[in-house]
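Good morning, and thank you for the time. I would like to take you through one structure and a few of its local features.

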Amino acid sequence: MPDQIPGEDLRAYVTKPLLDRITDQSIDSDYMAAAARREPSGEEPARRRRPGVWAMVVVGLFALLATTAAVQTSRNEDIRQTSRQVLVDRIEQRQDRIADLHRQISALREDNQRSDGSLSSLGLRAESASSTAAKTAEETGFAPVTGSGIRITIDNAADGNEGGTVRDYDLAVIVNGLWEAGATAVSVDGQRVTARSGVITSGATLRMNDVSLSPPYEVSAIGDTRTLAARFAETVSGAMIHTTTQDYGMPYEVENIDRLTLPAAPADLLELTHLGAESKDSKGSKPDDNTDEDTEENSEGDREE
């Protein structure tokens with residue numbers, strides 16, 4: 001309630017409802033209190049700054065930041081897109097390079113297979129050539145040879161008559177007969193018979209491959225033991241030496257041997273000067289060029305002398 005009641009408003013004050021009066025007085029009192037606080041300074045209240053300016057500034061700054069962020073984001077996106085494209089290009093280049101390497105590997109693998117095939121073929125040819133060389137060396141006396149065969153032993157007559165002495169042509173007849181009978185290798189007293197070998201008489205001594213021979217003489221031959229001796233006896237040379245030994249009382253023996261080892265010819269004879277293509281036709285030919293007829297003529301002529 002106010003401290004004093006205005007006189008001119010007393011009637012209204014009394015007749016006015018209490019609730020309205022309280023409301024009016026509370027509002028008026030608030031305004032009066034506010035006016036009382038303003039009157040002492042005598043200045044008008046300062047005009048309030050408009051909050052919209054700062055808001056606009058803030059909004060402007062926010063917009064600037066947002067724009068800057070958007071621009072930066074756009075630039076970063078471009079950079080990422082560029083980087084991504086660069087990576088994609090590099091990946092494609094690497095994939096192309098890998099594809100090229102795969103093609104090269106495939107080509108190299110095919111070359112390797114062809115090389116393996118060529119190497120295998122060359123290996124087979126080298127093996128065949130080595131086998132042929134070994135066989136040729138055995139047949140020509142360039143290498144030792146082992147096998148079954150026969151051994152013919154012939155000696156001088158015990159009575160010492162001149163016709164009963166073993167001579168070079170006797171051994172040549174035996175060797176020729178063995179070649180004709182199918183022998184594959186022949187030796188005389190351990191001296192291998194080759195195309196460059198020959199039995200010669202040097203004084204009272206027989207020599208072969210520049211080595212002196214001594215009685216009894218052993219002629220060994222590699223061949224089929226089932227047929228070699230019989231086929232040798234059927235040759236002209238076999239029949240002639242059999243007759244000669246019988247006529248002059250010369251010890252003579254033919255025996256089968258299960259295992260014979262014939263050495264290679266001396267090193268000074270192992271000189272390959274020519275390898276002809278007619279070895280097949282001349283396989284059964286004899287190193288000694290003397291024929292049975294020539295040998296027979298020489299043998300008979302020498303013994304007659």
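I shall speak about salt bridges, then a pair of helices, and finally a surface patch.

Please keep in mind throughout that this is a predicted model.

Let me begin with the charged pairs. The structure contains five salt bridges, and I shall discuss some of them.

Consider Asp-111, whose side chain meets that of Arg-114 in a salt bridge at 2.0 Å, N to O. Where do Asp-111 and Arg-114 stand relative to each other in helix H3? They are three residues apart in that helix, so about one helical turn separates them. Asp-111 itself is partly exposed, its relative accessible area being 32%.

A further salt bridge joins Glu-255 and Arg-151, with an N to O distance of 3.9 Å. Because Glu-255 belongs to strand S8, residues 252-262, and Arg-151 to strand S1, residues 145-154, this pair ties together parts that lie 104 residues apart in sequence. The 3.9 Å distance may be set beside the cut-off for a salt bridge, which is within 4 Å. As for accessibility, Glu-255 is partly exposed at 27%, and Arg-151 is partly exposed at 23%. The term applies because partly exposed covers the range between buried, under 20%, and exposed, over 50%.

The next pair is Asp-224 and Arg-226, whose side chains form a salt bridge at 3.1 Å, N to O. Is Arg-226 buried or exposed? Arg-226 counts as exposed, with 72% relative accessibility, whereas Asp-224 is partly exposed at 30%.

I turn now to the helix pair. Helix H4 spans residues 168-181 and helix H6 spans residues 236-248; their axes come within 8 Å and cross at roughly 145°. The crossing of H4 past H6 is left-handed. Which residues make the contact between H4 and H6? On the H4 side they are Asp-170, Val-173, Ile-174, Asn-176 and Gly-177, and these meet Ser-237, Met-240, Ile-241 and Thr-244 of H6.

Finally, the surface. Val-53, Trp-54, Val-57, Leu-61 and Leu-64 form a nonpolar patch there, and together they present about 510 Å² of accessible area. Val-53, one of these residues, is placed in helix H3, which covers residues 51-140. With a relative accessible area of 49%, Val-53 is partly exposed. It qualifies for the patch because membership requires over 30% relative accessible area.

That concludes my presentation, and I thank you for your attention.

Note on methods
Residues numbered from 1 in each chain as written. Predicted model: local features only at pLDDT ≥ 70, side-chain atom pairs only at ≥ 80, totals over all residues. Heavy atoms only, no water. Patch = residues over 30% accessible without salt bridge, like charges linked within 9 Å, V, L, I, M, F, W, Y side chains within 5 Å. Areas by Shrake-Rupley, 256 points an atom, 1.4 Å probe, with all protein chains shown as cover. Helix = DSSP H or I, 4+ residues; strand = E, 2+ residues; numbered from the N terminus. Buried < 20%, exposed > 50% of the residue type's maximum accessible area, 1.4 Å probe, protein only. Axes fitted to C-alpha atoms, helices over the stretch in contact; angles between N-to-C directions. Left-handed = near helix turned anticlockwise from the far one by under 90°. Contact = heavy atoms within 4.5 Å.
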